[in-house]
Amino acid sequence: QWCSDVFARGLTIRSDLERGVDAAGIELDGCRNVVVSDCLIETGADAICLKTNKTEGRAEPCEDVAIGNCILSTSSCAVKLGADSYADFRRVSIIGCIIKNSNRGLGIIVRDGASVRDVLFSDVVFEGRRRDYYWLGSGEAIYIAILKRTPESPLGSIRGVTIRNLRGSCQGTSLIAGYPNSRTITDVTLADVSLSMEPEGRPDKRTREALLVRNVNGLSVDGLLVSWRAGRIEKDWRHGLRLSSVTDFEVSRFRGRQGLPSTPFAAIRVENCVGGAVH
């Protein structure tokens with residue numbers, strides 16, 4: 001917490017994936033100038049978590065953090081910014097990681113009014129496996145959201161997120177969602193992302209779309225491949241890509257179809273959107 005010039009290299013950290021509810025791997029709370037590399041982490045809670053918690057009225061920003069060449073497994077989120085977000089996050093890169101047997105892959109959750117600026121996720125291989133209902137996550141590769149911890153909490157923002165060269169299997173809907181009736185997420189780029197949708201291994205089915213984007217201003221999707229597991233389908237599967245209340249967007253090089261070919265659902269659904277192109 002509140003440290004500068006931190007190097008974590010070659011660590012092996014393990015806790016029980018079923019019982020380690022609060023057993024995170026590495027937590028960086030209000031730290032700057034941090035390098036985390038070449039680690040093997042298998043934990044019940046988040047494998048690597050950047051946060052800006054408030055302690056005795058003090059919260060420090062988390063900035064200039066580089067994470068790379070790690071193998072991560074978790075019943076929560078493999079790499080997450082938030083959800084404790086009382087101070088800002090700036091300049092964070094996650095490159096060259098393998099995420100396997102995880103309930104959630106890449107996450108940014110703002111609940112306490114912070115701003116998140118300039119985040120890069122690149123060259124990530126992901127395997128999503130849904131846990132039971134009491135774990136946060138649904139086997140999805142991406143979860144980016146603006147929320148409020150309480151009705152009185154200030155509204156945060158996210159700007160400048162790039163996700164490129166991400167591929168793997170998912171059991172849940174990947175989500176990028178600004179706060180309702182707002183454009184608190186801006187300037188998001190997805191490039192060369194491949195999502196292979198697998199049936200959920202739990203009775204409470206949650207998945208509808210492969211990727212859902214809503215309440216976002218400024219979206220570029222260039223090279224999105226969505227495939228659905230043949231022979232083992234879920235009856236609630238719907239759209240490959242769904243855009244809802246998105247402005248200033250461009251979608252190109254999409255390959256895929258809707259979840260169930262025999263239903264009226266579309267491969268790409270665009271609703272309540274302004275100023276965009278699909279080509």
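Select L243: setting aside neighbours within four places in sequence, L243 is in contact with V213, L219, F249, V251, R269, V270, E271 and C273. Contact here means heavy atoms within 4.5 Å. This is a predicted model, in which local features need pLDDT of at least 70 and side-chain atom pairs count only at pLDDT 80 or more, while totals for chains, interfaces and linings use all residues. Residues are numbered from 1 along each chain as its sequence is written, and side-chain values use heavy atoms, leaving out hydrogens and water.

Stay on L243. Strand β19 (residues 241-255) holds L243; strands are DSSP runs of E, at least two residues, numbered from the N terminus. Is L243 buried or exposed? L243 counts as buried because its relative accessibility is 0%. Buried means under 20% relative accessible area, exposed over 50%, and partly exposed in between, with a 1.4 Å probe and protein chains only. The C-alpha atoms of L243 and N53 are 32 Å apart, and the two residues are 190 apart in sequence.

Next, the core. Show V36, L50, I67, I108 and L219: these have the most contacts inside the largest nonpolar core, which has 66 residues. A nonpolar core is a set of buried Ala, Val, Leu, Ile, Met, Phe, Trp, Tyr and Cys residues joined through side-chain atoms within 4.5 Å. Strand β18 (residues 211-228) gives the most to this core, with 8 residues.

Centre on V36. Beyond four places in sequence, V36 is in contact with A8, I26, L28, I48, A66, I67, G68 and C70. Then pick A83, Y143, L175 and L212, which are among the 7 residues of a second, separate core.

Now the cysteines. How many disulfides does a search of the whole structure find? The search finds 0, a disulfide being a pair of cysteine sulfur atoms within 2.5 Å. Select C77 and C49: the sulfur of C49 is the nearest cysteine sulfur to C77, at 8.1 Å. C77 counts as buried because its relative accessibility is 2%. Move to C170. Its nearest cysteine sulfur is that of C77, 13 Å away. C170 also counts as buried, because its relative accessibility is 1%.

Select I71, in strand β8 (residues 71-74). I71 counts as partly exposed because its relative accessibility is 32%.

Definitions and conventions
Helices (H or I, at least four residues) and strands (E, at least two) are DSSP runs, numbered from the N terminus.
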